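Me: I would like to learn how to read a model of this kind, one feature at a time. Could we go through it together?

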Amino acid sequence: AGATAAAIPHNANKAAEYGEQAARHPYAGAHVGAVDPSVGASSLSESESSDKTGDAAAPGVNEVDGRLARVRADGGGQVLTTNQGVPVGDNQHSLKAGLRGPALLKDFILREKITHFDHERIPERIVHARGSAAHGYFECYKPLTDLTAASLFAEKGKRTPVFVRFSTVAGERGSKDTARDVRGFAVKFYTDEGNWDLVGNNIPVFFIQDAMKFPDLVHAVKAEPHHGMPQAASAHDTFWDFVSLMPESTHMLMWVMSDRGIPRSFRMMQGFGVHTFRFVNAKGESRLVKFHWNPVLGTHSQVWDEAVKVSGADPDFHRRDLWEAIDAGNGPEWELGVQVFTEDQAEGFSFDVLDATKIVPEELVPVVPVGRMVLDRNPDNFFAETEQVAFCTAHIVPGLDFTNDPLLAGRIHSYVDTQISRLGGPNFHEIPINAPLAQVHNNQRDGMHRQAIHRGRVAYEPNSLAGGCPFQAGTDGFVSFPEPLAGDELRGHPEKFAEHYNQATLFYNSQTGWERRHIINAFAFELSKLTVPPIRQRMVASLRNVSDELAQAVADQLGMALPDPLPRAMKTPPKPEVEVSPALSLTARPGDGGVATRKVAILVAEGVDGKAVAAVAEALIKAGAVVRLVGQRIGPLQADGGGALDADASLDNHPSGLFDGAVVPGGAAAVARLQADGRALEFLRDAFRHGKTLMGMGEGAQLFAAAGIQPDPDDGGLLLADGAAGKGVAAFIEALAMHRHPERETAPPKV
Ligand code: HDD
């Protein structure tokens, strides 16, 4: 029998944290009435007084804004100088008193160089420290003027420049790319009415409902403070201790433990704005909106064993993938979709749209495509752009507004605040990558690293000495949506926030069989790493509220009895509107059916069938795939039938995790060599276990047998028949386009 719920320590106060009754009023007392709105109406507004008392503003130009070209530096053909532009005669030796004598303090060249070097690093981001970014544009499909006044949605075909940074959350700046983690998906739109930052993730929900808990969450998931371990991993006591005491995190846990937590590529994941935002049109009418980015390449992931191995083979796997795709002219593309709904609709939902742990199922409100985003240019400089870019949820533009999501409220403060220490002062908006394309004119002045040279003696408003400029835009500028508010000042959560499990169940029930298996395995793996059994116990008890199938399977893998369910904060949860949502499965977005940018290894050795190699490579390259000839070593080798091939990768420097598929061509001598090479057998076993598309041509099929991989007519990704180029390659390409073949998985793995 399982332990009783009482025996599992849980947060017994949890239920009491929700609802009006539970909210802690600091004091009882009535509010005084509203201030008489007519008071002050007779005095001029600031803009009116400016208009009336000052001269018209001269057209202003702010050279600091948005001019990346202005600051690009290229030393080609130039003499080496100091930072003062003084040509340097000798960059090899410090100034000394005699060749074997002491270095001299007056060596300003040495001192400048070393001093600058000593200060080359800035603090890394407290979360999302590791990231990769690219430039591109957003293109609007059709005017959305009935919904929003935001200028980027004003016209069909209108293009707005963007800079996008993808990231992991928990790991440090130098950590691996393929950790199990949430991925940041932050988009800076340089609109012509200022910058809009949509700072989202690849998962549409969040761990917590209130920003008050964010420092706790981050302290729990980051490396434990006493010994600084583990790096870029959630599989440790403090994370699971916290989340198991915070049942509101359960829905997000389902996503992170699913294959969404280990994407194949930044290019193959969705992005979400997470919070409910507002669209506001020119008439001041507002509707609620959720933002979705859907990748044209589809949503694809790794499997855990693969992610672990790739983190060793190439810790920069995602960064390299993004860079190489853009470099090769295959920049990724996403479609922006919006779910638009009214406050009345939201009122009727069984969940609260201000609760960031909930999605709005697509069955309730469809996702309507409104534009596309293409990333087509790599940064010139990692530090200047990717590291110094400052995304802030506070950066919104006319036509958009916030809602009262309490998580968003804290974010509106946090991002601007963090940049001040990270980037060294309040002028981070002047760093070229952050500067808007729109003109910036205000009376903020001075501070560390000020770039703009403000002219004139006026730095206040209203003024008459500068003709009232810069002047207020009035209703042409940003106007906060006048949301009517009611309620006492208090600390608490709305009632519906207390329901924590319905959507976790919805997510689990919407997955295919293999996706569920991966979720079970991920929970079991992470919980197996804990050193404090009661935490494991409490988490499995919580999973019972999601699905007994899930909880039982995890408990089985952990060799523990099924505990009683964790007591729920909400005793009688509302019936959800949607019980299965196919859009929540990775399989809902298979992609465009092509194999462009997919990586294929052709295993080669002395005596390989040269004609087959050429034919397969040609067909794959024609289809857009990236082909590498993987040898026992790099360099030239003789093919069967004469002719030389050049292996451009080796079994050591390119293990199978780095590829989406592999081909073993014929050639008896080559196959015999590979068969005697444990690395080649391991390559195939890993590729097979990770669900990759595999083809053996002629004698090449024997290598599979040697690796213990038997032909299976039900396995669409295993082509071991007579693979004469032509039909064989066509079948391979078709199977490769399916990304993976998880149906071949067995527990435990056969191979
Ligand atoms: Fe955050 C960075 C996404 C909640 C505080 N966050 C950061 C980045 C992304 C997100 C993508 C990296 C941006 C970049 O590439 O530079 N964060 C989210 C999402 C959240 C979320 C989708 C929930 C819906 N974050 C959240 C909360 C707080 C923060 C509740 C604090 C109250 N986040 C930060 C931060 C960071 C940050 C400390 C670290 C570095 C930075 O901002 O620029 O301010």
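Me: Where is valine 274 placed, and what is its phi?

Reply: Most residues other than glycine have a negative phi, and most peptide bonds are trans. Valine 274 lies in the loop between strand E5 (271-272) and strand E6 (277-280), strands being DSSP runs of E with at least two residues and helices runs of H or I with at least four, numbered from the N terminus. Although it is not a glycine, valine 274 has a positive phi of about 65°. This is a predicted model, in which local features need pLDDT of at least 70, side-chain atom pairs count only at pLDDT 80 or more, and totals for chains, interfaces and linings use all residues. Residues are numbered from 1 along each chain as its sequence is written, and side-chain values use heavy atoms, with hydrogens and water left out.

Me: Is valine 274 buried or exposed?

Reply: Buried means under 20% relative accessible area, exposed over 50%, and partly exposed in between, with a 1.4 Å probe and protein chains only. Valine 274 has a relative accessible area of 7% and is therefore buried. Alanine 232, in the loop between H5 and H6, also has a positive phi, near 50°, and at 8% relative accessibility alanine 232 counts as buried.

Me: Which peptide bonds are cis?

Reply: A cis bond joins glutamate 461 to proline 462, with omega about 10°, and another joins cysteine 469 to proline 470, with omega about -10°. Proline 462 lies in the loop between H12 and H13, and proline 470 is likewise found in the loop between H12 and H13.

Me: Which protein donor does the iron atom of the ligand have?

Reply: Donors are N, O and S atoms within 2.8 Å of the metal (3.2 Å for Na, K and Ca), and sites may look incomplete because water is not among the atoms. Here the iron atom has a single donor from the protein, the OH of Tyr415, 1.8 Å away, and tyrosine 415 is found in helix H12.
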